[in-house]
Amino acid sequence: MLRWVSILCSMIYVLATTNIAEVLKVPVFVEHLMEYPGSFSEFFVEHYDNHKKDADWDTDQKLPFINPPVVLMIHAQLPETIFHIEKIKEIIISKTTTVYQEKDFSSSYLSQIFQPPRSC
């Protein structure tokens, strides 16, 4: 029972994340692999690593993931913004922040080993 559930979940995942046309090409892959005289690794390297034109080029182009279609293409363009450095400097210089005030702390911690930092 657990085996069938794991197979079902795997199939749902594969079908949801993969183009269905590429999944349907798996029988062509298996058939072409059976006709190939070498091992699986040799087949994979020859067909999926810079494959050159040969006698069975048309069959090779029907293998899955050789020419996957573009399913989604996202193009984003950020708007151009022009910053005025002088204005930014004025804002930074004119703004002063106080991290803490002396009246908020008691002096009882000065005699202890663990003290807060003296400068921020």
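Modeller: In this predicted model, a helix is a DSSP run of H or I with at least four residues, and a strand is a run of E with at least two. By that rule the protein chain comes to six helices and zero strands, and from the N terminus on its elements run α-α-α-α-α-α.

Colleague: What makes residues 57-60 count as helix 5?

Modeller: A helix needs at least four residues, and the run 57-60, which holds Asp60, is listed as helix 5.

Colleague: How do you know that helix 1 has a span close to the one expected?

Modeller: Helix 1 covers residues 2-17, which is 16 residues, and reaches 23 Å from its first C-alpha to its last, where 22 Å is expected at 1.5 Å a residue.

Colleague: Why is helix 1 said to lie largely in the open?

Modeller: Buried means under 20% relative accessible area, and because the number of buried residues among the 16 of helix 1 is zero, helix 1 lies largely in the open. Across the protein chain, buried residues make up 9% of the 120 residues.

Colleague: Why is Asp60 described as having no salt bridge?

Modeller: A salt bridge requires a side-chain nitrogen of Lys or Arg within 4 Å of a carboxyl oxygen of Asp or Glu; the nearest side chain of opposite charge to Asp60, that of Lys62, is 10 Å away, so the buried Asp60 has no salt bridge.

Colleague: Which residues does Asp60 touch, not counting those up to four places away in sequence?

Modeller: With contact meaning heavy atoms within 4.5 Å, Asp60 touches His32, His47, His51, Asp54 and Ile66.

Methods
Residues numbered from 1 in each chain as written. Predicted model: local features only at pLDDT ≥ 70, side-chain atom pairs only at ≥ 80, totals over all residues. Heavy atoms only, no water. Buried < 20%, exposed > 50% of the residue type's maximum accessible area, 1.4 Å probe, protein only. Lys, Arg positive; Asp, Glu negative; His and termini not counted. Expected span 1.5 Å × (residues − 1).
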